[in-house]
Amino acid sequence: MEEVEVNVQDRILRPVSEVFAAIIDPAKMSGYFISRATGPMKQGAEIEWNFDDVGARLSVEVKTIEENRLIMFDWSASGTKARVTMRLEPRGNNATLVTINEASWPMDAAGVERALEQTAGWTDFLCCLKAFVQHGINLRLGRGKEDHQTAGA
Amino acid sequence: MPNTLDAPVATAQMLIRKPVAQVFEALVNPAITSHFWFSKSSGPLEVGKQVRWDWEMYGHHTTVDVKAIEDNKRILIEWNGPEKPSFVEWTFEPKGKDQTFVTVRNWGFTGEANEVVSEAINSTGGFSFVLAALKAYLEHGIELNLVLDHAPDSLVQGWASRHAVA
């Protein structure tokens, strides 16, 4: 059976080392994506990411880390286990092309639904990462249910 | 709109911490939209009008037919015709006085099943970029250049040097 997967990419105007650190270090990642993690992304580590804004908690099995080049992990954010591969490619000294792949799901209605949701999620992640490392802002702020309820306060 | 394999719907959503009138204006007024999405437009979005949007950095353009506009509530367009027409609808939902929940849906893709799925996935990514760029621009006054940086290898020759980005 055919399968469906997710691919997103964007260029970030910062060196690869800075982009890499912003992903593997939870103190940095909590500035734009997670609320907290049980540890850094290290090869072979099993960690947990907490998203307090949406009340979610996800296990992350880190499979491969190549410094400044590759981050690969398994998780079940889509409802079934899938593999995420992030590649960092230098573009000159001060820019990084980030590509994110999550694979895969069967090419059926449920699989396509999962791929669509993960496409939106990873695109948003990449935008938040870019805003964080380029401008030091947290683009994820204000997304939680509580924020909606206190809107205008 | 059922999300089936034959007729997938691309969806993107975002909470923007600005009043609904300001968020709506950012999408009908091309002088604002061109800060975070297309680079040029032939005119504002008005019901019954046809406009052209250009992404000059990629040498790409599309024709937009404005089907419906409800002030501060909804925008419905048909675009990418006549070869690949599809519908795009934005809805704007106020969350208190100062925040707006924006939803974009794009549907009506044609072709083989694999092709429509691929279009829906690409569109979902595309509109997710647009909403994040809109949020960064309205909330922080920042141009993230998400569109420009999406496919740096496909930029029109000379664009990067004309618009230094590094």
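This is a predicted model: local features need pLDDT of at least 70, side-chain atom pairs count only at pLDDT 80 or more; totals for chains, interfaces and linings use all residues.

Me: What share of the contacts in chain B with a separation of 6 or more is between residues 24 or more positions apart?

Reply: In chain B, 44% of the contacts with a separation of 6 or more are between residues 24 or more positions apart. Two residues are in contact if their C-beta atoms, placed from the backbone, lie within 7 Å.

Me: How many helices and strands does chain B have?

Reply: Chain B has four helices and seven strands. Helices (H or I, at least four residues) and strands (E, at least two) are DSSP runs, numbered from the N terminus. Along the sequence, the pattern in chain B is β-α-α-β-β-β-β-β-β-α-α.

Me: Which residues of helix α1 in chain B are buried?

Reply: In α1 (residues 20–28) of chain B, the buried ones are B:V20, B:V23, B:F24 and B:A26. A residue is buried if 20 or more other C-beta atoms lie within 10 Å of its own, exposed if 12 or fewer, and partly exposed in between, with C-beta atoms placed from the backbone.

Me: And what do the buried residues of α1(B) pack against?

Reply: They pack against β1 (10–16), α2 (30–33), β6 (86–95), β7 (99–107) and α3 (113–140) of chain B.

Me: Switching to chain A: what's the strand order in its open sheet?

Reply: The seven strands of chain A run β1-β7-β6-β5-β4-β3-β2 across the open sheet, with antiparallel pairing. Two strands pair if DSSP finds at least two bridges between them. The edge strands of chain A are β1 (3–12) and β2 (36–37), each pairing on one side only.

Me: How many bridges join β6 and β7 of chain A?

Reply: Eight bridges, linking β6 (residues 82–90) and β7 (residues 96–106) of chain A in the antiparallel sense. A:R83, for instance, has A:A103 in β7(A) as its bridge partner.

Me: Last one: how many residues of each chain are in contact with the other chain?

Reply: 35 residues of chain A are in contact with 32 residues of chain B. On the side of chain A that touches chain B, the largest share, 13 residues, comes from α3(A).

Technical notes:
Residues are numbered from 1 along each chain as its sequence is written. Chains are lettered from A and ligands numbered from 1 in the order in which they are written.
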